[in-house]
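Below is a brief report on one protein model. Please keep the structure open while reading.

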Amino acid sequence: MSHAATPVLVIHGGAGVIKREMNPVREKAVRAALTQALQNGYAQLKAGKPALDAVTAAITVLEDDPNFNAGKGAVFTHDGKNELDAAIMDGYTLKAGAIAGVHRVKNPILLARAVMDKSQHVMLVGEGAEAFAKDAGVELVDPSYFRTDERWQQLQKALKEDAARKPHADVETAKHFGTVGAVALDTQGHLAAGTSTGGMTDKRWGRVGDSPIIGAGTYANSGCAVSGTGWGEYYIRTVAAHEICMRVTQMRVPLKRAAAEVINQEIPSMGGNGGAIALDGNGNFAMPFNTDGMYRGWIGADGVPHVAIFGDEDDGTGDPLPASESSSGQ
Ligand code: ASP
């Protein structure tokens, strides 16, 4: 789509076990961070910058905030490390950049963007990705930068449960994800999507989830942009983000329905869970999830940031959002 459009930005900060009893201090901090991310991203769109810039601006705010499982505050691997993944895609050019398994990149989404803009590749992993970061001038930090006590405790709990041989799916810490993502529509009518994550607590053996895999956790084309959050193995197997977009752009399924079919039907029917944000070229958006809650927000024609956390919360679109349903904007 290539016409003057009213810009829209939709973000998420992860789906999972998020109950109304959550710590009020944390709730306030999460709402403030989501609002800031919306404001920073929307400022780019209002200035006529591309959707890609809005996506990176919003995601860097959430990466820098320790309340989210991306950048600072990322979850720990089984070996006690923070191992970060991210991806970005430009719906207009279909260019994409992704990185996985990095330990020293302060803002993984900026490295994904650099891979897209400055290399001839789409995906770089591990030490090679960090060597490229140096060459591309992307900021590196000591691995201790990412550590928070809360995430460390989550790992200790998961390790104990591992030792008691509980299946990973039953580990409470595995149920609160916290990945961050953004989708944007710019004034040119172009779409972009991005996602950044620390993956899942207690992950092993270089496990990589859906977030940095183009088509699984992140995808954009000329008529649809999606960022997912949830149990990554299922998003990879359903090629979730691409699947939603194909239904929208090829099969002409309305965005809200397409997103709900994949997130609230296909993935749970296989045993997975999570959520997603999706945006089409007309500014319609959906934020389906099948978990208790999803940190989420949007900003559109009224220029006012709207944020929501809980499954039964009115998120500004005027409709309450039962956990099993999606919402859509204007
Ligand atoms: N999808 C991410 C992964 O599997 C986790 C999340 O969304 O929080 O790595």
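## Basis and confidence

This is a predicted model, in which local features need pLDDT of at least 70, side-chain atom pairs count only at pLDDT 80 or more, and totals for chains, interfaces and linings use all residues. Residues are numbered from 1 along each chain as its sequence is written, and side-chain values use heavy atoms, with hydrogens and water left out.

The protein averages a pLDDT of 91, where pLDDT is the predictor's confidence in each residue, from 0 to 100. At least 70 is reached by 91% of the residues. Residues 169–173 have a pLDDT below 50. Beyond near neighbours in sequence, this stretch has eleven contacts in the model, a contact being heavy atoms within 4.5 Å. Residues 318–330 also have a pLDDT below 50, and that stretch has 46 contacts beyond near neighbours in sequence. Where pLDDT is low, the predicted coordinates should not be read in detail.

## Cavities

The model has two cavities of 30 Å³ or more. Here a cavity is a set of points, on a 1 Å grid over the protein atoms alone, where a 1.4 Å probe fits but cannot get out. Points are joined across faces, edges and corners, and a volume is the space filled by probe spheres set on them.

The largest cavity holds about 90 Å³. It is lined by 15 residues, and Thr179, Thr197, Asp210, Ser211 and Gly230 are the closest to its centre. Lining residues have an atom within 4 Å of a point. Strand β8 (residues 224–230) gives the largest share of this lining, three residues. Strands are DSSP runs of E, at least two residues, and helices are runs of H or I, at least four, numbered from the N terminus. By class, the lining has three nonpolar, nine polar and three charged residues. Nonpolar covers Ala, Val, Leu, Ile, Met, Phe, Trp, Tyr, Cys and Pro; charged covers Asp, Glu, Lys and Arg; the others, Gly among them, are polar.

Ser196 sits in strand β6 (residues 191–197). Its relative accessible area is 0%, so Ser196 is buried (under 20%; exposed is over 50%, partly exposed in between; 1.4 Å probe, protein chains only). The Ser196 side chain makes a polar contact with the side chain of Glu63 at 2.6 Å. Such a contact is a pair of N or O atoms within 3.5 Å; within protein, one must be able to donate a hydrogen and the other to accept it, and residues adjacent in sequence count only if both atoms are side-chain atoms. Beyond four places in sequence, Ser196 touches residues including Asn69, Asp85, Pro108 and Thr179.

Val75 lies in the loop between α2 (51–64) and β2 (84–90). At 2% relative accessibility, Val75 is buried. Its contacts beyond four places in sequence include Asn69, Arg151, Gln154 and Met200. Val75 and Phe177 are 102 residues apart in sequence, yet their C-alpha atoms are 8.9 Å apart.

## Positive phi

Most residues other than glycine have a negative phi. Leu94 has a positive phi of about 60°. Leu94 is in the loop between β2 and β3 (96–102) and is partly exposed, at 48% relative accessibility.

Asp202 has a positive phi near 75°. Its loop joins β6 and β7 (218–220). Asp202 is buried, at 6% relative accessibility.

## A loop residue

Lys19 lies between β1 (8–16) and α1 (24–46), in the loop. Lys19 is partly exposed, at 41% relative accessibility. Beyond four places in sequence, Lys19 contacts Asp292 and Phe310.

Methods:
1 Å grid on protein atoms, 1.4 Å probe; cavity = no way out; pocket = protein on both sides within 12 Å on 5 of 7 lines; lining within 4 Å.
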